Amino acid sequence: ELPSGHMAAKRIDYLNYTPEKLFSVIKEHCIDNNEPLVVSNMNKHINWNTQAFSLEKLKREHGEECDYIQTLQRNYKLDSRDQHVKSISKSNNINSHEATSAVPTQATISTCINPTTIESKLATPKDNNNKIKKAREYKILGTKIDKMYAKDIECPQEYTQAIQDVIPEYLLPLGNNDLFSLLPQLFQAKNFMCYLGQDQTGTPIHRDLCGTMGHNIMTMGSPGAYAEWLIVVNKDREKLASVLELSKTERKKINRYKPDKRLDQGKSVTKSSFLESDRAWLSAFKVNKSDFPVQVIIQKPGDLVIVPSRAYHQVRNVGVSIKLAWNRITAQTLEYAFEDQLPLYRIINRPEVYKCKAIVSFTINEWYNQLLTIKNNPTKELDQLPALRYGRESFIKDSKILLNIFLKEIIEPDWLPEDPNITTDKEGEVCIIKCDFCHTDIFHRYYHCEDCDGYDICMYCYSIGRSCRHVNGMVMRQGYRKLTESLELYKGFVELVNSIFNEEVVIDGSDCLNSESPSLATLCSRIESYRKAKGNGLNTFKCLHCKKNFTAANLAAKGVSLTSIFKRPICPAASVRPGLPEDVFICKNCSLSCKSCIPLEETNESMEDYDLVYYSPASFDARSWGTFFDFNVNKTCDYPEVTLVPATPSHKRKSEKTEERPKPARTLSSTLSSPTSSTATASRKRKANKVEEPERESFLVVTTKKSKLAPASLNTHHE
C-alpha cells in the first residue's frame, strides 16, 4: 500500500541463499544494476547472537565508560506533537562543529540509552503491518518529550565478532572485499558505526561518502519498531535535484534570495549543490510532483539494507532501534568517487574523509608485492593470492580501474620537472595534509603560507583563485616521497601483471606525462610566477595583441578561468618581451582572428548562476580568501581594492603537522549526534564556527513533522 510515486525495493530471504549465490545476486542487482537490496531474516541465522545486540547489554557494559558527556539541547517543533530533540556531542571532538547556539547540560550515556525511560515516552506506531500509510497518520501526543539520536557511535568490540558469525566475509567492514583493509591503520577512518534511534528521529537525504557502498543492519527494535528508507538511484539525480531546490530561508542565508530565471527559461535547476548539503528532506509532496521512482524499504530487526554506490537515501525511525552501519570501498566505487563526487566536494568544501588517493596507492603497492611472490616462487598458484580471490577477470578489471586513477588523478596532475626550489616536507609527513579551504586530502604537491599559521591549500583551489590573504606570496610545496617513485610503481605493476598473465592485459599509459598539455602543477607554477611578477596588478591581464586590459573577475564571469589563461602557449605572432612571465594573455576576439593562436577555453555557463550551497562554509576559516564564485569571504579577484599584506614566505615547517590517525567517528563514551546532522571531518587545525540552520522541512510518507536541522557535525554518515 504505497503512495503514488513510491515503489518497494527488492527484498530477499537470507535463509534461502548460500554465500556464493548471495554474492552473485548482490553483484548483479546492487553493483551492475545499481539498485538497493534488502536481505531479511538475518536474525534467524543459527549464529545470530540476540543477547550481544540487546539494549540492556549495551547500557550495562558501555554506558558507564565515561562519567559525563556534554549534552547539546536543541528544541524544535515537530508538527502538532511539539516534541524536543536532544542531540549529544563532545565539545573537544575535532570531528564536530561547535554549536554555539545550543544550551549545554550534563547527562550520562546510561541515561541516554535506558530503554525503560525511552520507551515509556514513545507513541505507539500505528502501522505495524509493514505498510506505509498516508501522511499524517500517527498518534498525537499531548505532552512534550525529549528525543535523542545517537549517530556514528563507534561499535563495541563484541559487535564485530557478532556480525562476523552471520554476515559473509565479502560484505564485512575491513573484509576481503573492502579496500579500506589495505590502508595502514594510521589512515583508516573509523567505519563500523552504531546508531541508537528513537521514534521520529532520522537522517536527511544524502549519499554515502566517496561513492562507497552502504550497509545497514537493524539488530534490535522495540515492539513495532522499524526504519523507513527512501532511496533514489544515481541515474535520477538531476530529477531529484529539481524537486529539492533551495527554500526561501536557505536562499536568504546564502545571499541569493532572488527568483530563479532559469525556471522561466525552461532550464534545469540541477546547477545547485543544495542536494549535497545533507540538509534536505524529501517530503511526500515533493515526491508526488516528481517523475522519478522513489524506492521504499521498511527495515525491521534482522534486515540488512545494501545501498548501491552514489544512491541518495533518507531514513526515519519509528520506535526505538539499534542499527549497525558501515561502508565498503572497491575499485568501482573509487572510480565513481573520482568521476563526480570528489570534484564536487572541492567546490562545496566537503571533506572526503576516506583518503581515496592513498587507498589507490596503497592497494596497487600491496597487489604488486603479492604478484612478486608468484614471480619469485613459480610453484605458487596465482589463484592463491588474496588479490585474486574473486577470479582473474575481476582482478584484471579492478587493476585497469586503479591504474587509470593512479596515473590520471594522482601522478599526472602533480607531475612537474624536478625543481630544487620547491620545499619538501619532512620525512614521515605522508598523506596527512588537508586543504584548509576545501578540506580535500593532499597526496603530493600543494600551496603553503607560513605567515598564516601554516595555511595549506590544494592545487585545485589555487588554480581557480582560492588563497589566503597573501595571494602573491603562497609557495608550492611537495611531499617527502618523490612522485617518480609512484611512477615507478605504476610502470612496474603494469609490466609485472603482463608478465605473469603472459599477455598485455593492461596498457602502460604513462606517455601522457610527455604531452604538450600542461599538468595542473605546471599551471599552478605559471600562476605563481605571474602573481609574483605582477605584484599589485596580479588580477589584470593585458592582451598581447590588442593591448586591452581585462580583469580576472570579468573573465571568470564569462567562463574564462585562470587555468584557461595559463594552459595556452604564447602566440608566436605576439610581441613578447622574452622571459617575462606576465606576457601570457590573448583575449577571445584576438584569439579568433589570429591564425597562430589557440582558442581561449571558456565554460558554456557562468558559475554566477550556480546555486552554491556549502557543506562547510567558506568563512569557516578566517584565513581563507575565495575565488569569484565563493561568498561570505574576501575574494582574491577583488585585489587591489581589498588591501593585501604581501607575504614573506618561510620554508620552516610548522610543528603542529604531525601524524595523526583520522577519526571521523565517535565512541560510545563520547558523541551522540543530532538526528539531522551528517557531514565529514574538517581540517584538524581548524576551530569550528557556528553553522546556520536551514529551514525546517517535512518528513516523507507517514509523517509531516518538521525538523529544524542541527548544525552539520562531521561524520562518516552511513544511514
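Tyr 530, Phe 541, Phe 550, Phe 566 and Phe 585 come together as one aromatic cluster. The model is a predicted one, so local features were taken at pLDDT of at least 70 and side-chain atom pairs at pLDDT 80 or more, while totals for chains, interfaces and linings use all residues. Residue numbers start from 1 along each chain as its sequence is written, and side-chain values rest on heavy atoms, with hydrogens and water left out.

Across the whole structure, the search turned up 17 aromatic pairs. Rings of Phe, Tyr and Trp (its six-membered ring) were paired if their centres lie within 6.5 Å, with planes under 30 degrees apart called stacked, over 60 edge-to-face and the rest tilted. One of the pairs is Trp 48 with Phe 53: the ring centres are 4.9 Å apart and the planes stand at 45°, so this pair is tilted. Burial was judged by relative accessible area (buried under 20%, exposed over 50%, partly exposed in between, with a 1.4 Å probe and protein chains only). On that scale Trp 48 is buried at 13%, and Phe 53 is buried too, at 1%.

Phe 395 and Phe 501 make another pair, with ring centres 6.2 Å apart and planes at 20°, so they count as stacked. Phe 395 belongs to helix H12 (residues 392-414) and Phe 501 to helix H14 (residues 483-501), so the contact ties together parts that are 106 residues apart in sequence. For reference, helices (H or I, at least four residues) and strands (E, at least two) are DSSP runs, numbered from the N terminus. Relative accessibility is 1% for Phe 395, which is buried, and 12% for Phe 501, which is buried as well.

Rings also turn up with charged partners. A charge was taken to sit over a ring if NZ of Lys or CZ of Arg is within 6 Å of the ring centre and within 35 degrees of the ring normal. Lys 21 does this with Tyr 17, its charged end sitting 5.0 Å from the ring centre. Arg 346 is placed over the face of Tyr 460, at 5.2 Å from the centre of that ring.

Next come the charge pairs. Side chains of opposite charge can pair when their charged atoms come close. With a salt bridge set as a side-chain nitrogen of Lys or Arg within 4 Å of a carboxyl oxygen of Asp or Glu, the search of the whole structure gave 20 salt bridges. In one of them, Glu 276 meets Arg 207, and the closest N and O atoms are 3.2 Å apart. Glu 276 is in the loop between helix H8 (261-264) and helix H9 (284-288), and Arg 207 is in the loop between strand E10 (202-206) and strand E11 (213-221), so the bridge ties together parts that are 69 residues apart in sequence. Glu 276 is buried, at 3% relative accessible area, and Arg 207 is buried at 4%. The two residues also belong to a network of salt bridges that links Arg 207, Arg 237 and Glu 276.

Asp 383 and Arg 392 pair through their side chains as well, in a salt bridge of 3.1 Å, N to O. Here Asp 383 is partly exposed at 44% relative accessibility, and Arg 392 is partly exposed at 39%. Glu 601 and Lys 567 form a further salt bridge, at 3.4 Å, N to O. Glu 601 lies in the loop between helix H18 (588-593) and strand E23 (697-698), and Lys 567 in the loop between helix H17 (562-566) and H18, so this pair ties together parts that are 34 residues apart in sequence. Glu 601 comes out as partly exposed, at 43%, and Lys 567 as partly exposed, at 28%.

Asn 41, in the loop between strand E3 (37-40) and helix H2 (55-62), has a phi near 65°, a positive value in a residue other than glycine. Arg 310 is not a glycine either, yet its phi is positive at about 70°. This arginine, Arg 310, is located in the loop between strand E14 (304-307) and strand E15 (312-318) and is buried, with 10% relative accessibility. Asp 621 sits in the loop between H18 and E23 and is buried, at 9% relative accessible area. The C-alpha atoms of Asp 621 and Val 633 are 9.4 Å apart, with the two residues 12 residues apart along the chain.
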